[in-house]
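Visitor: Please show me how to read the features of a model such as this one, giving the general idea before each case.

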Amino acid sequence: MSNAALPNGEALGLEVPLGSIERSLQQIWADDQAKTRSSLINFAIYSEEAGDLGRHCADLEAITAQHSCRALLVVNLAAETAPARAWISAHCRPYQEGKVVCSEQISFVLQGADAAQVQNVVFGHLDSDLPLMVWWQGSLKRCFEERLYSRIHTLIVDSSRWSDPAAQLQRLLGAWRSADFDVRDLSWTRSHLLRTALAVAFQDGKALEHLHELQHIEIVHGQGHRSAALLLAAWLGWRLKGGKPQPAAAAPQDGDASLQWISPQGGTVTVAIKAAAPAADQAAHSCALLSLELSGGGMSVRIWRQSCSSFIHIRVCAGEHQHEEVMPADSVSDAGLVGAQLERAGGSTHFREVLALLPHWLEATGSH
Amino acid sequence: MAELENPFEENLLNRNRAEPCTVVIFGATGDLTNRKLIPALYNVAACGDLPPQFKVVGFARRDKSDEVFRAELEEGNRRNSRQGHDEELWSSFAQNIHYHRSEFEDPAGYVRLKQLLDRFDRERGAPANRLFYLASAPEAFVPILDMLRASGLNHAPQGRWARVVCEKPFGKDLITARALNDTVAATFAERDTYRIDHYLGKETAQNIMVLRFANALFEPNWNSRYIDNVQITCAENLGMEGGRGGYYDTAGALRDMVQNHLFQLLSLVAMEPPTDLSADSVRDEKVKVIRALRPLIGPEAVAANVVRAQYAAGSVDGVARVGYRQEDRVNPQSMTEAYVALRLFIDTWRWQGVPFYIRVGKRLPKKATEISVHFKKPPQVPFATRRLLGNSSENTLVIRIQPDEGIAMRILCKQPGQALNMQQVKMDFRYSSSFGTASPEAYERLLLDAMAGDATLFARCDEVENAWRFIDEIQRAWHYSDKPPPMCEYPAGSWGPREADELLRQDGHQWRLL
């Protein structure tokens, strides 16, 4: 590991020997009566990339501002084995009467550590009795082993960052079947309020009456967020009781996908998954999902996010009848999405169903 | 025709989803609408929980346009919204707010209201559900309900619902509460009637059931074998500021707070586990507690178990304060209590012999509402020769309702050192320090529940009537007996009259120090 890649000590806090982490943390609280330690979960970020330390620290700071936890940052570099290093710090926010509430952060930089070493480092520094949530950065690679994930309560992944989605998905599904942990995918979370908006749109009785006439679905996603669109499409197919997805006859443009399924009424529903044009509003590309449109017969429901604003617009047209609504939109920041997951406590039961269907969609879009 | 199912509904949030509706607020130009109801609805919208094609109609006597009404509400929302004020969201939200001018007793006003709601239905393309919110002065409740019935607005179109939300006070005694219940029952079915008690919308009040029934630690000990006494305190440091003396002097602490808010908390603490979390299962158990309260009949029984008091001049937070009878809009000869302390017994197997002490008062040293459960002392056999700390040697579980919502537990630990000395320590959970996100305002939760048809956090008619039945006996002893119990006095800024301390001292107890 070169010196340039060494973490900035100021950002990570106080470097301490691994064996005296707990004692050093206690010292922080003993020295300052105005600080109160608070912790509801153990929250760990695990990464095998060196370059993102600053981003991870910023994410942990944003998350701890809303959710008290013991934060662990584990960066495990693929290099020659070297002694692990550790830093301690605290993220604090004002509380009352001049007091502040703080969450502890312990940062580890490991080199060439295997799953056993990672397990030892993580599990040796948990706040006891509190659940462990791990936000796994990037692909599920070398250290994603049973002895590690079997101790995790909730695993957060981001399938939009997977280099080989089909293989990663199989690995995740295999682990999920063998161990009892909860999985959250930020790509799924990115569509949470859009799915809610769709449910709201079809609370309109007129639109619901025409839903069986559905012929076409179009999903437009931001650059790099195809997985969010695929998960959304798979969910739509499942909720509408569509048959197995097949490639549609019409050839899509590069990067786009066109699929179809047979509806329970025997009709064909086409699904177009499109990436926003690169020339489009640059702000739009920070959004995972830009629009969703369901149309057919006399019905059209369009849900869109203008320039990635904080709100989703819903337009419902059913014959002569039409109206528009505005709803809050999902966060565009990863930390915001993780925070939303923490607020929701229990995961979505739908996600488990959709994840099982996803291989069909990857196959139909040629992503396997 | 079978109801179509929305395939996109997901049990995403473990919370109620409101159904499309129009909310008609009677008394819409009042403080409650401006300060609480509209900001609550706006925040429900900001969380994405408002249904589509949602409308608000403000019904009041003053003459004003939709635009003026919206502008007033916008100003109120800027001041009072929990999540701030966003122009884009407000703009979308406010376009669905309308104003309807009418006297509450004017039949023509209700005909025009019906026409307005019908027009909204035509614009929607389907009839909507209707939620009538009585936020007017209580004396207008009956005329409004009569007019809703006469105009047919109490009946929803087929497949839809019409509901009514009643603000407190729900009557001022058993007779008036029954009369009001009769009028409500003649107008709306009980399942469509939502009597609001905003204490039940508070996070910690809802948490009482979770604490008791989701933790195996507490429920086995939640009875007379292990619990020595329970104290419920609702302290206010305010007096009669802002002209509230006019209303308060006609109500008093017993009717204003105990009959509703504190009895609701008492019910949640003392009830048996419900068989499920449906509204009626929970409310069945709550009403059993009120029914099992040992009645206080006659002035002797009341004098022995209830202390009433008014504050004399004193100081709060270093500011000199006048006595209750010198307050603005208060009768100088007033016999209305600004403080009341009660010793109650619940005659059930679980609670036999356990006193429940309740105190509520104005101009106390600080604002705080909490429930404290005091456990019996252990036999102390191994520590018999050790000096303990009097009453503080008992374990206490404290449920803080407001402010600083949370739960604390007091336990005994060994002091470090060679000697075996014991020290009380406190384990403290605070919502605000553990969860960075602010809890929703009580009205947000309650409005959402009313729109979703979940009445769990609302009082049922038998709860209200049984509570009044108990309270009326005390009022009778105070105001209609030959030997009424005395009106005690305490200096403003103190923790109440000496007589209230004596009430507990008789049992070997003392009020928890807040």
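Guide: With a relative accessibility of 37%, A:S307 counts as partly exposed. The scale behind that word is relative accessible area: buried is under 20%, exposed is over 50%, and partly exposed lies in between (1.4 Å probe, protein chains only). This is a predicted model, in which local features need pLDDT of at least 70 and side-chain atom pairs count only at pLDDT 80 or more, whereas totals for chains, interfaces and linings use all residues. Residues are numbered from 1 along each chain as its sequence is written, chains are lettered from A and ligands numbered from 1 in the order in which they are written, and side-chain values use heavy atoms, with hydrogens and water left out.

Visitor: Where is A:S307 found in chain A? What is its phi near?

Guide: Elements are DSSP runs numbered from the N terminus: helices are H or I of at least four residues, strands E of at least two. A:S307 sits in the loop that links β15 (299–304) to β16 (311–318) of chain A. Its phi is near 50 degrees, a positive value in a residue other than glycine.

Visitor: Is B:R363 buried or exposed?

Guide: B:R363 counts as buried, because its relative accessibility is 3%. Its phi, near 55 degrees, is likewise a positive value in a residue other than glycine. The residue belongs to the loop between β12 (355–361) and β13 (368–375) of chain B.

Visitor: Which peptide bond involving B:P403 is cis?

Guide: The bond from B:Q402 to B:P403 is cis, with omega near -20 degrees. B:P403 is in the loop between β14 (396–402) and β15 (406–414) of chain B, while B:Q402 is in strand β14. B:P169 is placed in the loop between β5 (162–166) and α6 (174–187) of chain B.

Visitor: What does B:Q402 touch?

Guide: Contact means heavy atoms within 4.5 Å. Leaving out residues up to four places away in sequence, B:Q402 touches B:Y199, B:K202, B:K367, B:A368 and B:T369. Its relative accessibility of 15% is why B:Q402 counts as buried. B:L116, by contrast, is 286 residues away from B:Q402 in sequence and 41 Å away in space, C-alpha to C-alpha.

Visitor: At roughly what angle do α10 and α12 of chain A cross?

Guide: The axes of helix α10 (residues 226–239) and helix α12 (residues 349–364) of chain A come within 8 Å and cross at roughly 105 degrees. α10(A) and α12(A) are therefore roughly perpendicular to each other.

Visitor: What angle is found for α2 and α3 of chain B?

Guide: Helix α2 (residues 66–80) and helix α3 (residues 87–94) of chain B cross at roughly 140 degrees, their axes coming within 12 Å. That makes α2(B) oblique to α3(B). The residues in contact are B:R70, B:L73, B:E74, B:N77 and B:R78 from α2(B) and B:E87, B:W90 and B:A94 from α3(B).

Visitor: How many residues of α8 in chain A are buried?

Guide: Ten of the ten residues of helix α8 (residues 192–201) of chain A are buried, so the helix is largely enclosed by the rest of the structure. Among them are A:H192, A:R195 and A:T196.

Visitor: How is a whole chain summarised?

Guide: The radius of gyration, taken over C-alpha atoms, is set against a globule rule of 2.2 Å times the number of residues to the power 0.38. Chain B has 15 helices and 17 strands. Its radius of gyration is 25 Å, close to the 24 Å that the rule gives for 514 residues, so chain B is as compact as a globular protein of that length. Along the principal axes, its C-alpha atoms fill a box of roughly 80 × 55 × 45 Å. Of its 514 residues, 57% are buried. Among contacts in chain B between residues at least 6 apart in sequence, 78% join residues at least 24 apart.

Key: Axes fitted to C-alpha atoms, helices over the stretch in contact; angles between N-to-C directions. Parallel < 35°, antiparallel > 145°, perpendicular 65-115°, else oblique.
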